[in-house]
Amino acid sequence: MKCPRCQASVTPVQTTCPACGFSATLLHNYLGNQWVRLERITDAAHCLRLEDARRAEVILDDFERSFPQAFFAVYLGALPGNLNVAELGFWLLNQGAFNTHSVSRRNDFGMVLVVDPSAKTACITTGYAIESCFRPKIMSRLMQAVGGHLKKGAFGMAIEEACLRAGAVLRKHARCMPWQLEATTMADAVPDMGLQPLRGGHRPATRPLADSPASRT
Ligand SMILES: [Zn+2]
């Protein structure tokens with residue numbers, strides 16, 4: 001897993017980034033540690049026209065149909081100065097209960113595109129189970145393509161491009177996965193950001209810089 005603040009590699013058992021000292025506790029202090037219920041598209045900054053939002057929903061539906069375990073979500077909003085897009089993406093994949101078509105979709109198979117139109121920054125955060133599909137080079141190419149649309153204010157196009165490209169990456173990766181024939185076993189509220197707290201119901205699915213690693217095995 002990458003540290004959302006400095007991008008250093010952090011193992012699931014490390015509670016604090018060895019490079020910059022970032023810890024999920026810092027985000028919890030600010031954003032809370034309750035689950036929040038979210039639509040797949042949260043447009044807190046009102047960037048999307050109705051037709052953009054509808055079109056994006058169709059793209060996200062297609063994504064979920066193609067990848068029955070995975071989902072793609074989007075957050076567009078102006079973030080406070082002490083929070084960056086990567087940190088919010090990280091927090092959303094840990095604390096967000098996304099309103100996907102199937103409740104069985106777990107956040108470790110999720111992707112979140114966070115865009116701050118005021119700061120002109122964007123980031124895609126991937127869940128633990130799929131992050132290995134998105135190597136830095138692939139992610140940087142993806143973000144370049146997305147950034148091209150964002151610079152023009154084409155937020156709908158940015159979502160579409162991000163989702164379609166992410167789908168292509170996952171599809172390519174799925175084809176490379178060998179059959180495991182000889183398997184060894186049988187195997188808190190954020191009032192100004194459009195995030196409402198949700199108590200219980202969901203379990204953490206990513207393996208972030210956890211507060212207590214023992215509870216997240
Ligand atoms: Zn760090």
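1. Two residues are taken to be in contact if their C-beta atoms, placed from the backbone, lie within 7 Å. On that basis, and leaving aside neighbours within four places in sequence, I159 is in contact with A56, I59, V74 and L113.

2. The model is predicted: local features need pLDDT of at least 70, side-chain atom pairs count only at pLDDT 80 or more, and totals for chains, interfaces and linings use all residues. Residues are numbered from 1 along each chain as its sequence is written.

3. A residue is buried if 20 or more other C-beta atoms lie within 10 Å of its own, exposed if 12 or fewer, and partly exposed in between.

4. Helices (H or I, at least four residues) and strands (E, at least two) are DSSP runs, numbered from the N terminus. Helix α1 spans residues 24-31, with A24, L27 and L31 as its buried residues. Seen down the helix axis, these fall within an arc of 60° (taken from the directions from the axis to the C-beta atoms), so they line one face of α1. They pack against α3 (85-95). G32, with a positive phi near 90°, follows α1.

5. Strands β5 (residues 110-116) and β6 pair in the antiparallel sense over 6 bridges; pairing requires at least two DSSP bridges. V115 has A122 in β6 as its bridge partner. The hairpin formed by β5 and β6 has 4 residues between the strands, and K120 in the turn has a positive phi of about 55°.

6. Strand β6 (residues 121-126) is largely enclosed by the rest of the structure, because 5 of its 6 residues are buried.
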